[in-house]
Amino acid sequence: IQHIRRVMRENAQLLAYEAWQETGMGRYEDKIDKNLVNANKAPGTEILDPTAWSGDGGLTLVEYAPYGLIGAIIPSTNPTSSVICNAISMVAAGNAIVFNAHPGARACSNHAVQLINEAIVEAGGPPNLVCALAEPTIETAQQLMKHKDVNLLTVTGGIGVVREALKSGKRAICAGPGNPPTVVDETADIEQAGRDIVRGASFDNNIICTDEKEIFVVTSVADALKRAMCSNGAYEIDLQQLDLLMKSIFTEIPPPGKHGAMNKAFIGKNANVLLKEIGVEVGDEIRLIIVEVPHDHPLVPSEQMMPIMPIVRVRDANEGIDLAKHYEHGFRHTATMHSKNLD
């Protein structure tokens, strides 16, 4: 595990560049951070401590055991960092892995697998403990899910691939789509909230399912929050400009309150690429587009996967939390709140 961590740190920049070039999504510098945080922080052997306790019934010892062979489906949004995270945790627990990369990120994901194998062999481990399909497709992913020798599935991706895994009859650990809301109330540190939300929502151009996707802010601090965001790399547009932009970023504009399909040509692109569609020229230093909308605007329930953030004014924190729960769609995926009100 230490060898894998070291080799992934050494190649974090290379793998980030390959992922950025191959997929055309996200920000190269953010992908380096993703690779490094997984190389350093993914849970390894250090968390696998046995536990024991004694009582009138005798001594009980609980130890972790491996599943065996794990089939892992990898997304194009996190094509190298997911491989790093999965490999460290799964190999630490004594498993072997077969990866099915996303066809649109095959080369970078498989390069990460190759480097991990070299690290394992260098440390005295067996060759090909971590494998990948050379030409991954939807069909190979389905075959992997049904293969009699696969003991566990781990799937990161859209709702379609997650549903396939859950229907496989095998135990499946799945990370599906998310629409994480952010609530900001009047007690929040507004400067920090503005800075943190821009950093989070624009991280890798919003293609990560845990990135902030919509804001519910108490009216009394809404203008201050927007100012703080704009001083930290955001650019505000109005509803008229948004109406124009919607024609580009949605494949078909949905009715109020409904989520829609985003145009793949703009997924993971920089904010200035989106702004160029409405005649606004800015540099790469603009990380996020913000726009104030009513709560039922189609941007609010949609997982954009691009750096555009709808902002909704609310009367108080309770209304913000209620709307946040509603537009999170019951995924129970991710939510954040900026507040100093412990109650």
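Predicted model: local features only at pLDDT ≥ 70, side-chain atom pairs only at ≥ 80, totals over all residues.

Reply: Helix α10 itself comprises residues 239-249, and its buried residues are Leu242, Leu245, Met246, Ser248 and Ile249. These residues lie on the same side of α10, because they cover an arc of only 155 degrees around the axis. The spacing follows a general rule: an α-helix has 3.6 residues a turn, so residues three or four places apart point the same way. On the face of α10 turned away from the buried side, one finds the exposed residues Gln240 and Lys247. Gln240 also takes part in a contact at the start of the helix, where its backbone nitrogen has a side-chain oxygen of Asp238 within 3.2 Å.

Some other sites may now be set beside this helix.

His338 belongs to strand β13, which spans residues 336-338. His338 counts as buried, because its relative accessibility is 14% and the cut-off for buried is under 20%. Leaving aside neighbours within four places in sequence, His338 is in contact with Thr182, Val183, Val184, Asp185, Ala188, Ala193, Asp196 and Ile197.

The cysteines come next. The count of disulfides in the model is 0. Cys131 is in none, and the nearest cysteine sulfur, that of Cys108, is 18 Å away. With a relative accessible area of 27%, Cys131 is partly exposed. Cys209 is likewise in no disulfide; for this residue the nearest cysteine sulfur is that of Cys85, 12 Å away. Cys209 has a relative accessibility of 19% and therefore counts as buried, since the limit is under 20%.

Glu29 sits in helix α3, which runs over residues 28-41. Its relative accessibility is 38%, so Glu29 counts as partly exposed. Between the C-alpha atoms of Glu29 and Asn95 there is a separation of 32 Å, and the two residues are 66 residues apart along the chain.

Aromatic rings complete the account. The model has 4 aromatic pairs, and ring pairs join Tyr17, Trp20 and Tyr28 into a cluster.

How values were computed
Residues numbered from 1 in each chain as written. Heavy atoms only, no water. Helix = DSSP H or I, 4+ residues; strand = E, 2+ residues; numbered from the N terminus. Buried < 20%, exposed > 50% of the residue type's maximum accessible area, 1.4 Å probe, protein only. Disulfide = S-S within 2.5 Å. Arc of directions from axis to C-beta. Polar contact = N/O pair within 3.5 Å; in protein donor to acceptor, adjacent residues only side chain to side chain. Phe/Tyr/Trp six-rings, centres within 6.5 Å; stacked < 30°, edge-to-face > 60°. Contact = heavy atoms within 4.5 Å.
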